[in-house]
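Please consider the sequence and the three-dimensional structure shown below. The paragraphs that follow lead through some of its helices and their surroundings.

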Amino acid sequence: MTIKAADKTHNAELTYSQLSQARHSVREFSDEPVSAEDIEQAVAIAMRTPSVCNRQPTRVHIIANADLIAKLMPLQGGFRGYKMPPALILLTADNQAFMNQDERNEGYTDGELFGMSLLLALEEQQLAACPLNTMLPMKRDEATRKLLNLPDSEFLVMYIAVGHFLPEVETCMSKRFDAESIVTVHA
């Protein structure tokens, strides 16, 4: 499937449903730099994402330094074969937002909800993006923490590679289940 950048110029006018249908993960970007301000606009939109008891544990780390991105991406491991993205976002969750060990997994839920809101906000802002996992072995997790000077209270939730769209981008056309195939109604 080909996405044309010209198709993105009206993203801010699309309904939520239309924007969701139009968004695809993109791993190839133009050489145009992405400013922290561009990403911060999308973060401001995503700030309305719900979180348990409004605790807002998600923290956003914007990485715009090419040398740092080049060190982080091999640790992440899922971007091999692609040119480094112009910008990278690391979402973390701060465990200090929670009350006790029973809530130990809530940061992942809240962080991923924020991530989806941020992906759609980036799309609305005409920025291409690709979510990337942070399921890292301990040594790569520790190396990531050291490079970014992350506090011990924050745990890694997801990366998002960010850039400007190329005039044409090839992206996977993944089959999606119909809603009826995953819904069970208990009446």
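Which residues of helix 2 (residues 36–46) are buried? The structure is a predicted model, in which local features need pLDDT of at least 70 and side-chain atom pairs count only at pLDDT 80 or more, while totals for chains, interfaces and linings use all residues. Residues are numbered from 1 along each chain as its sequence is written, and side-chain values use heavy atoms, with hydrogens and water left out. Helices (H or I, at least four residues) and strands (E, at least two) are DSSP runs, numbered from the N terminus.

In helix 2, the buried residues are I39, A42, V43 and A46. Here buried means under 20% relative accessible area and exposed over 50%, with partly exposed in between (1.4 Å probe, protein chains only). The four residues lie on the same side of helix 2, because they cover an arc of only 105° around the axis; the arc is that of the directions from the helix axis to the C-beta atoms. E37 and A44, on the other side of helix 2, are exposed. The cover over the buried residues includes strand 2, strand 3, helix 4 (106–124) and strand 5.

Two packed helices are described by the angle between their axes and the distance between the axes. For helix 2 and helix 4, the angle is about 130° and the axes are 8 Å apart. Axes are lines fitted to C-alpha atoms, for helices over the stretch in contact, and angles run from 0 to 180 degrees between N-to-C directions. Helix 2 is therefore oblique to helix 4, given that angles under 35 degrees count as roughly parallel, over 145 as roughly antiparallel, 65 to 115 as roughly perpendicular and the rest as oblique. Helix 2 contributes A42, V43, I45 and A46 to the contact, and helix 4 contributes F114, S117, L118, A121, L122 and E124; contact means heavy atoms within 4.5 Å.

Helix 5 (residues 138–148) can be described in a similar manner. Its buried residues are D141, T144, R145 and L148. These residues cover an arc of only 100° around the axis, which puts them on the same side of helix 5. K139 and K146 are exposed on the other side of helix 5. Strand 2 (58–63), helix 3 (66–76), strand 3 (87–94) and strand 5 (154–164) are among the elements that cover the buried residues. Just after helix 5, N149 takes a positive phi of about 55°.

Two single residues complete the account. L19 is placed in helix 1 (residues 16–22) and counts as buried because its relative accessibility is 8%. N11 is placed in the loop between strand 1 (2–4) and helix 1, and counts as buried at 2% relative accessibility. Apart from neighbours within four places in sequence, L19 is in contact with N11, L14, L120, E123 and E124. With the corresponding neighbours left aside, N11 is in contact with L19, E123 and E124.
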